[in-house]
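Open the model in a viewer and keep the selection tool at hand. The stops below say what to select next and what is there.

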Amino acid sequence: SFAPSDKANRSYTTDHPVAQASTRGVTMALIFDAYDEEFQSLSGDISSKISLYSNYEDDAATQLSTMNAVEALLKQAGDLLKQMEIEVRSLPAPQRRALQEKVKNYRKTLRALEKDAKDSREQQERNELLGVTPGEPDLGNASISQRQRLLDANDSLQHQNDTLGNARRMLAETEDVALEITMELGRNREKIQSAHQRVRDVVSLTDVARRLVHSMSKRETQQRVIAYGVFIIVVVIISIMIWQLTKK
């Protein structure tokens with residue numbers, strides 16, 4: 001069994017809000033560390049596959065399967081980053097600021113990997129359109145010129161797609177910032193509501209104390225009036241007794 005002080009300490013460590021918040025923060029930090037390790041593994045795997053992509057120029061099937069694997073890993077890494085951002089928002093402020101910067105750097109790393117994959121894919125498509133494939137003869141400048149125009153048109157479309165993609169990404173980041181601000185405002189609102197509740201409690205206690213003082217003051221006045229009344233009666237009785245004695 002626990003001594004009284006031990007029980008108090010035990011209750012504090014398990015039931016106190018500060019202790020619960022600390023335990024929750026440690027648990028979420030461990031989850032974030034697991035996500036961190038998984039993201040680093042994914043980014044290394046993606047980088048390795050992208051570097052091997054150009055080695056399969058004479059094997060279209062292998063290139064296609066490699067790029068499909070890269071795109072699947074990129075999507076998995078993106079989903080993992082979103083989950084990391086959610087976990088970071090749930091951490092206490094000191095930890096949150098440091099890990100938000102780490103997630104921001106990971107987001108830059110993912111964008112760089114996405115760009116490398118896109119560049120590799122476009123280069124392969126360009127080579128295919130231009131007929132620059134190992135073992136095939138040159139098809140002539142006219143054919144290459146026509147294909148170059150097609151590539152230029154494709155690049156223009158791709159640039160427009162990239163612009164739209166950047167706009168969507170900026171919109172998503174703006175939504176994330178707005179969500180974070182909303183959550184912060186929600187936490188501040190809870191603090192303000194808690195402060196208001198404490199003020200109401202203090203006001204309520206003040207009213208109770210004022211009523212109690214008023215009641216005590218009223219009772220004291222009543223007791224004083226009664227004492228004066230009793231004193232006057234005693235004085236009257238004594239006066240009557242003295243008068244009767246002197247009359248005899």
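Which helices each supply at least two residues of the lining of the largest pocket? They are helix 3, helix 4 and helix 5. Helices here are DSSP runs (H or I) of at least four residues, numbered from the N terminus.

Before selecting anything, note that this is a predicted model: local features need pLDDT of at least 70, side-chain atom pairs count only at pLDDT 80 or more, and totals for chains, interfaces and linings use all residues. Residues are numbered from 1 along each chain as its sequence is written, and side-chain values use heavy atoms, with hydrogens and water left out.

**Stop 1: the largest pocket**

Select Arg 107, Arg 111, Glu 114, Arg 169 and Glu 173, which lie nearest the centre of the largest pocket among its 37 lining residues. A pocket is found on a 1 Å grid over the protein atoms alone, as an open set of points where a 1.4 Å probe fits, with protein on both sides within 12 Å along at least five of seven lines; lining residues have an atom within 4 Å of a point. The volume of this pocket is about 1,500 Å³, counted as the space filled by probe spheres set on the points, which are joined across faces, edges and corners.

Next, select helix 4, residues 93-130. Helix 4 gives the most to the pocket lining, with 14 residues.

**Stop 2: along helix 4**

Stay on helix 4 and select Lys 118. Is Lys 118 buried or exposed? Lys 118 counts as buried because its relative accessibility is 19%; buried means under 20% relative accessible area, exposed over 50%, and partly exposed in between (1.4 Å probe, protein chains only). Leaving aside neighbours within four places in sequence, Lys 118 is in contact (heavy atoms within 4.5 Å) with Gln 158 and Asp 162.

Now select Lys 115 and Asp 119, whose side chains meet in a salt bridge at 3.0 Å, N to O. A salt bridge is a side-chain nitrogen of Lys or Arg within 4 Å of a carboxyl oxygen of Asp or Glu, and the count by this rule is seven. The two residues are four apart in helix 4, about one turn of the helix.

**Stop 3: helix 3 and the core**

Select Phe 39, Ile 46, Val 70, Leu 74, Leu 81 and Met 84, which touch the most other members of the 24-residue largest nonpolar core. Such a core is a set of buried Ala, Val, Leu, Ile, Met, Phe, Trp, Tyr and Cys residues joined through side-chain atoms within 4.5 Å. Helix 2 (17-53), helix 3 (60-89) and helix 4 each give two or more residues to this core, and helix 3 has the largest share, nine residues.

Then select Arg 89, also in helix 3. Arg 89 counts as buried because its relative accessibility is 10%. Beyond four places in sequence, the residues it touches include Arg 96, Asp 176 and Glu 180.

**Stop 4: helix 5**

Finally, select Arg 224 and Glu 220, joined by a salt bridge at 3.1 Å, N to O. They lie four residues apart in helix 5 (residues 141-247), so about one helical turn separates them.
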